[in-house]
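Here are my notes on this one, point by point. Have a look at the model first, then see whether you read it the way I do.

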Amino acid sequence: LNLTFDETVNSSSLIPMEITFFASPANSSSEFYMLTMGSIIQGLYAGQVVVSVNLTNADLNEVKRRTTLATSTSHTWISITTLLVRDMNENPNVPIEISQAIQAAAVVPDTTSPQLLSFQLDLTNEWLKLSFSETVNISSLLYMGITIQDQSFTNRRTLIGGSYLTP
């Protein structure tokens, strides 16, 4: 996340949790997400006009889970509180209210494919838990694409259906 300010700011004072993303500032029922963490990518100087923030995996997954949020510049807006950052004289930034939200100048789409990290199989309660590297669209899951087999590959069962629960 790159933030551009109208003057030099003290990047070490930036608090990412003071940023809220919105899919549309004009629609009060649009999807939104307030960051919970993040780290500043330090530049060459303590004072910068552009500050880069590394979002946490948890925040990235929550943004991705909201299907209309941050999918394009027209669906990516932010508001900020006065606690976001201070300038070099310790003055707080001017807040940006939801009604005045700023639209993203650019959005880089997610092109990383999810990877299956682990699974759990409970034959007594008849469930299979899949854990992925990132948020996935559960409605795109094809049960017929899942085959369970033994170590020697002699006993195999391909799923033919099921239902899903999300945490």
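This is a predicted model: local features need pLDDT of at least 70, side-chain atom pairs count only at pLDDT 80 or more; totals for chains, interfaces and linings use all residues.

1. Residues are numbered from 1 along each chain as its sequence is written, and side-chain values use heavy atoms, with hydrogens and water left out.

2. Now the hairpin itself. Strand 9 and strand 10 are antiparallel, with six bridges, and Ser 118 sits opposite Ser 131 of strand 10. Four residues lie between the two strands, and Glu 126 has a positive phi near 60 degrees.

3. On a 1 Å grid over the protein atoms alone, a pocket is an open set of points where a 1.4 Å probe fits, with protein on both sides within 12 Å along at least five of seven lines; lining residues have an atom within 4 Å of a point. The second largest pocket holds about 150 Å³, the volume being the space filled by probe spheres set on the points. Strand 9 (116-122), strand 10 (127-132) and strand 11 (147-149) each give two or more residues to its lining, with the largest share, three residues, from strand 11.

4. What is the lining of the second largest pocket made of, by class? Six nonpolar residues, two polar and no charged ones; Leu 116, Phe 119 and Ile 148 are among the lining residues, as are Thr 147 and Gln 149. Here Asp, Glu, Lys and Arg count as charged, Ala, Val, Leu, Ile, Met, Phe, Trp, Tyr, Cys and Pro as nonpolar, and the others as polar.

5. Elsewhere there is an open, antiparallel sheet of four strands in the order 3-2-6-8. Strand 3 (32-34) and strand 8 (102-103) are the edges; each has a single partner strand, so one side of each lacks a neighbour in the sheet. Inside the sheet, strand 2 and strand 6 pair over four antiparallel bridges, and Phe 22 faces Trp 77 in strand 6.

6. Last, Ile 19. Leaving out residues up to four places away in sequence, Ile 19 touches (heavy atoms within 4.5 Å) Leu 1, Leu 3, Tyr 33, Met 34, Leu 35, Ile 78, Ser 79, Ile 80 and Leu 84.

Terms used. Two strands pair if DSSP finds at least two bridges between them.
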